[in-house]
Amino acid sequence: YISLSIDYTVLRDSSDEIQGVLMVFMDKSAEKKLCKVIKAKMSKSELVFRILKNKEGYLEFLKELSFNLKKLSDILKSSQENTMSDDMNAAFRSAHTIKGNSSSYGVIEVTSLAHCLEEKLILGRDGEVDHYSLFCRQCLVLVNQIRVSLSKHVQEMEALFGERFDNTDGESSLKVMGTQI
């Protein structure tokens, strides 16, 4: 879509009578796109500094995301046979935790996907689903999309820091762009 800015001014003659309106339309799409790019880069910088400040916290964040994704998958796989599952509340809580934690670390794509999953799970939790098995499969697709997005994020951070983030042995090997910290 196109983002437009509209300015106008009333044109008056010497006796202050309105003679017309001059309108100027300006395409602000490129400006909005640039603002989005800048915001994403700032968010990434904030994440890098947050990781530098507390690597153990970041590793815990990744571990908790993995735990909640597995929990979600297990619940949704076991719920496919049921018409309504008592576990939908637990699935919703896991999705909510994923959304909140990824938002606090600025992992926008994971946050967005978790929000979509959370909205979908509300329907299941509230019994507003006709084909429960299909609903669970659709939710599992979202869980897998979150996994892919998280994997891309981790690969990007590993490349930036020059280390693997699944190593939790406490070794002080944190690097940024090849420089030892």
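1. Helices here are DSSP runs of H or I with at least four residues, strands are DSSP runs of E with at least two, and both are numbered from the N terminus. Read in that way from the N terminus on, the elements of the chain follow the order β-β-α-α-α-α-α-β-β, which amounts to five helices and four strands.

2. The model is a predicted one, in which local features need pLDDT of at least 70 and side-chain atom pairs count only at pLDDT 80 or more, while totals for chains, interfaces and linings use all residues. Residues are numbered from 1 along each chain as its sequence is written, and side-chain values use heavy atoms, with hydrogens and water left out.

3. On burial, a residue is called buried under 20% relative accessible area, exposed over 50% and partly exposed in between, with a 1.4 Å probe and protein chains only. By that reading, buried residues account for 34% of the 181 residues in the chain.

4. A new reader might start with the nonpolar patch on the surface, which is formed by Ile 2, Leu 4, Ile 6, Tyr 8, Val 10, Ile 18, Val 21, Met 23 and Phe 25 and has about 930 Å² of accessible area together. Patches are made of residues with over 30% relative accessible area and no salt bridge, where nonpolar side chains (Val, Leu, Ile, Met, Phe, Trp, Tyr) are joined within 5 Å and like charges within 9 Å. The areas come from the Shrake-Rupley method with a 1.4 Å probe, and for residues only the protein chains shown count as cover. Strands β1 (4–12) and β2 (18–27) each supply at least two residues of this patch.

5. The loop between β1 and β2 contains Asp 16, whose phi is near 70 degrees, a positive value in a residue other than glycine. For background, most residues other than glycine have a negative phi.

6. Two helix pairs deserve attention, and their axes are lines fitted to C-alpha atoms over the stretch in contact, with angles that run from 0 to 180 degrees between N-to-C directions. Helix α3 (residues 88–104) and helix α4 (residues 108–125) have axes that come within 8 Å and cross at roughly 160 degrees. That makes α3 roughly antiparallel to α4, given that angles over 145 degrees count as roughly antiparallel, under 35 as roughly parallel, 65 to 115 as roughly perpendicular and the rest as oblique. The crossing of α3 and α4 is left-handed, a term used if the near helix is turned anticlockwise from the far one by less than a right angle, whereas clockwise is right-handed.

7. In the other pair, α2 and α5 pack at an angle of about 160 degrees with their axes 9 Å apart, and they are therefore roughly antiparallel to each other. Here, too, α2 passes α5 in a left-handed crossing.

8. A search of the whole structure finds seven salt bridges, a salt bridge being a side-chain nitrogen of Lys or Arg within 4 Å of a carboxyl oxygen of Asp or Glu. Among them is the one between Lys 55 and Glu 163, with the closest N and O atoms 2.9 Å apart. Lys 55 lies in helix α2 (residues 55–79) and Glu 163 in the loop between α5 (132–161) and β3 (175–176), so the pair ties together parts that are 108 residues apart in sequence. Lys 55 is buried, with a relative accessible area of 9%, and Glu 163 counts as buried at 9% relative accessibility.

9. Another salt bridge joins the side chains of Lys 70 and Asp 74 (2.9 Å, N to O), and both residues lie in helix α2, four residues apart, about one turn of the helix. Asp 74 counts as partly exposed at 38% relative accessibility. The side chains of Asp 126 and Arg 125 also meet in a salt bridge (3.4 Å, N to O), in which Asp 126 is partly exposed at 42% and Arg 125 is partly exposed at 28%.

10. Phe 67 lies in helix α2, counts as exposed at 54% relative accessibility, and is 27 residues from Ser 94 in sequence and 9.1 Å from Ser 94 in space, C-alpha to C-alpha. His 115 has its place in helix α4 and is partly exposed, with a relative accessible area of 36%; His 115 and Ile 98 are 17 residues apart in sequence and 8.8 Å apart in space, C-alpha to C-alpha.
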